[in-house]
Amino acid sequence: MDSIRNYLMTFAGNLVVAYYIFEEGTVAKPMMFATLMMLLIMLIDYVKSRNTYSLE
């Protein structure tokens, strides 16, 4: 729960950058891209945290 703010900041940054990359004037593709990137980052963090706890 400590990194929810980091996830939201990353989501907002990805949304803004994707909006300028796709240049369609719609928010659908950038929203999907930002959501998938946030889920990927959350999955990587989850797998990393699970591996570090199992080694102890």
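Is Tyr-20 buried or exposed? Tyr-20 is exposed, because its relative accessible area is 60%, where exposed means over 50%, buried under 20% and partly exposed in between (1.4 Å probe, protein chains only). The model is predicted, so local features need pLDDT of at least 70 and side-chain atom pairs count only at pLDDT 80 or more, while totals for chains, interfaces and linings use all residues. Residues are numbered from 1 along each chain as its sequence is written, and side-chain values use heavy atoms, with hydrogens and water left out.

**Nonpolar patch**

- Val-16, Tyr-19, Tyr-20, Val-27 and Met-31 make a nonpolar surface patch of about 480 Å².
- Patches are made of residues with over 30% relative accessible area and no salt bridge; nonpolar side chains (Val, Leu, Ile, Met, Phe, Trp, Tyr) are joined within 5 Å, and like charges within 9 Å.
- Accessible areas come from the Shrake-Rupley method with a 1.4 Å probe, and for residues only the protein chains shown count as cover.
- The most is given to this patch by helix H1 (residues 4-22), with 3 residues.
- Helices are DSSP runs (H or I, at least four residues), numbered from the N terminus.
- Helix H1 is also the place of Tyr-20.

**Aromatic pairs**

- The whole structure has 2 aromatic pairs, a pair being rings of Phe, Tyr and Trp (its six-membered ring) whose centres lie within 6.5 Å; planes under 30 degrees apart count as stacked, over 60 as edge-to-face and the rest as tilted.
- One of them joins Tyr-19 and Tyr-20 edge-to-face, at 5.9 Å centre to centre with 80 degrees between the planes.
- Tyr-19 counts as partly exposed because its relative accessible area is 35%.
- Phe-22 and Phe-33 also form an edge-to-face pair, with 6.2 Å centre to centre and 75 degrees between the planes.
- This pair links distant parts of the chain, since Phe-22 is in helix H1 and Phe-33 is in helix H2 (residues 28-54), 11 residues apart.
- Phe-22 is partly exposed, as its relative accessible area is 34%, and Phe-33 is partly exposed at 33% relative accessibility.

- Asn-14 lies in helix H1 and is buried, because its relative accessible area is 19%.
- Leaving out residues up to four places away in sequence, Asn-14 touches Phe-33, Ala-34 and Met-37, where contact means heavy atoms within 4.5 Å.
- Gly-13 is in helix H1 too, and its relative accessible area of 31% makes Gly-13 partly exposed.
- Between the C-alpha atoms of Gly-13 and Ala-34 there is a separation of 8.2 Å, although these residues are 21 residues apart along the chain.

**The loop and the salt bridge**

- Glu-23 lies in the loop between H1 and H2.
- Phi of Glu-23 is near 50 degrees, a positive value in a residue other than glycine.
- Glu-23 is exposed because its relative accessibility is 66%.
- The structure contains 1 salt bridge, meaning a side-chain nitrogen of Lys or Arg within 4 Å of a carboxyl oxygen of Asp or Glu.
- In this salt bridge the side chains of Glu-24 and Lys-29 meet at 3.1 Å, N to O.
- Glu-24 is partly exposed, with a relative accessible area of 42%, and Lys-29 is partly exposed at 45%.

Notes:
Helix = DSSP H or I, 4+ residues; strand = E, 2+ residues; numbered from the N terminus.
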